[in-house]
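Subject: Handover of a structure for your study

Dear colleague,

I am handing over to you the structure shown below. Please read the notes that follow with the structure open beside them.

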Amino acid sequence: MFAGKTRKSLQVLVFFVYNMKITRKDILTKEAGPRITRIEILSPDIARKARPGQFIALMVNEKGERIPLTIVDATQTTITLIFQEAGLSTRLLGKLNVGDSLYSLVGPLGHATEIKNYGSVILVGGGVGIAEIYPVAKALKKAGNHVTTILGARTKELLILEKKLASVSDELHITTDDGSYGKKGFVTDVLKELLTHTPKTLGTYGPTALVYAVGPIPMMKRVAMVTKDSNVKTIVSLNAIMIDATGMCGCCRVSVDGKVKFSCIDGPEFDGHLVDWTELEKRTKVYTQQEKHICNLSK
Ligand code: FES
């Protein structure tokens, strides 16, 4: 079953391997616990080809697993990646410093986001998913859309890229679970309000035509439930569970509209109203347990 998909994916994907050196590294969070880290990697070929919504897969060392990460930004020669050091592989990645090289890097992978003038769009980012909505927000703004962005984090210290998202948004809303910054509550509280009371400031842009959400699976599921009630097209990005990122391992399997899809080659973006969220949540929990087990073994 995977052979046909693999052939097709290999035809459309362009793989580049370069010297993969880290040229910049910043820690974006101040709180103790899994930190969120930004790195810039020298990779001119990927940088030139990258489109919003696409990702790379990297390996820190020969025996390490592949880590899929969204390309957050690109210059002529470098790509920017942002990740939370939550598991064994991302912790190893976080230990690399400027001047170190990755073991391997392939990309750009996945289908790019459909960027066009929708009129009015809402982008929702939760946790480290905030990094993944930045390139899409930037491109949608450039395409002439009225961009409203909602960012959610557990607490103020975990909120990232506020200024960058503000620079590409017409409106920016922030929520924190504990109320330490912005509005206390969840991104879906603000989303509900915005969808039921379209602000007058939208003017000729019209009602919201698209909601784009990236974040933890329960968050994206809730976003899709809210937008279904309002009948607003909703795109979610599902790149969290991947291993080979070439359509061979089956790990990123997701049911969409009753059909089996693979996030790495059919996605990572899907219609949020057609995703089987119950199945996806169950699968994610299995991998969470495995990741905990591996982390404990490595201590
Ligand atoms: Fe392996 Fe998609 S099939 S990550």
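Two strands are said to pair if DSSP finds at least two bridges between them. One of the bridges links Ala74 to its partner Ile79 in β6. Please keep in mind that the model is predicted.

The chain as a whole

The protein chain holds nine helices and 16 strands. Of its 299 residues, 42% count as buried. Among the contacts with a separation of 6 or more, 66% are between residues 24 or more positions apart.

The open sheet

In which order do the four strands of the open sheet lie? The order is β1-β2-β6-β5, and the pairing is antiparallel. The edge strands are β1 (22-27) and β5 (73-74), each of which pairs on one side only. In general, strands of a sheet pair through backbone hydrogen bonds, either parallel or antiparallel.

β2 and β6 then pair in the antiparallel sense over seven bridges. Ile41 has Ile79 of β6 as its bridge partner, and Ile79 is also the bridge partner of Ala74. β2 is mostly covered, with six of its seven residues buried.

Strands β3 and β4

Strand β3 (residues 55-59) and β4 form an antiparallel pair with four bridges. Phe55 has Thr70 in β4 as its bridge partner. In a regular strand the side chains alternate between the two faces of the sheet. In strand β4 (residues 67-70), Ile67 and Leu69 point one way, while Pro68 and Thr70 point the other way. All of these residues are buried.

Which residues of α3 are buried? They are Ser89, Thr90, Leu93 and Gly94. Seen down the axis of α3, the buried residues fall within an arc of 140 degrees, so they line one face of the helix. The elements that cover them include β2 (36-42), β4 and β6.

Among the buried residues of α4 are Gly129, Ile133, Tyr134 and Leu140. After α4 comes Gly144, which has a positive phi, near 95 degrees.

A residue in a loop

Tyr103 lies in the loop between α3 (88-95) and β7 (104-109). Is Tyr103 buried or exposed? Tyr103 counts as exposed because it has 12 C-beta neighbours inside 10 Å, and a residue with 12 or fewer is classed in this way. Leaving aside residues up to four places away in sequence, Tyr103 touches Met59, Val60, Asn61, Glu62 and Gly64. Tyr103 and Leu58 are 45 residues apart in sequence, but their C-alpha atoms are 7.5 Å apart in space.

Backbone details

Two cis peptide bonds deserve mention. The bond from Gly107 to Pro108 is cis, with omega near 0 degrees, and Pro108 has its place in strand β7. The bond from Gly267 to Pro268 is also cis, with omega near 10 degrees. Pro268 lies in the loop between α8 (263-266) and β16 (269-271).

Positive phi values also occur in residues other than glycine. Leu161 has a positive phi of about 60 degrees and is found in the loop between β9 (146-153) and α5 (162-167). Leu161 counts as buried because it has 21 C-beta neighbours inside 10 Å. Asp257 has a phi near 55 degrees, which is likewise positive. Asp257 is in the loop between β14 (253-256) and β15 (259-262), and it counts as exposed because it has 11 C-beta neighbours inside 10 Å.

Yours sincerely,
Your colleague

Terms used:
Residues numbered from 1 in each chain as written. Predicted model: local features only at pLDDT ≥ 70, side-chain atom pairs only at ≥ 80, totals over all residues. Buried ≥ 20, exposed ≤ 12 C-beta atoms within 10 Å, placed from the backbone. Helix = DSSP H or I, 4+ residues; strand = E, 2+ residues; numbered from the N terminus. Contact = placed C-beta atoms within 7 Å. Arc of directions from axis to C-beta.
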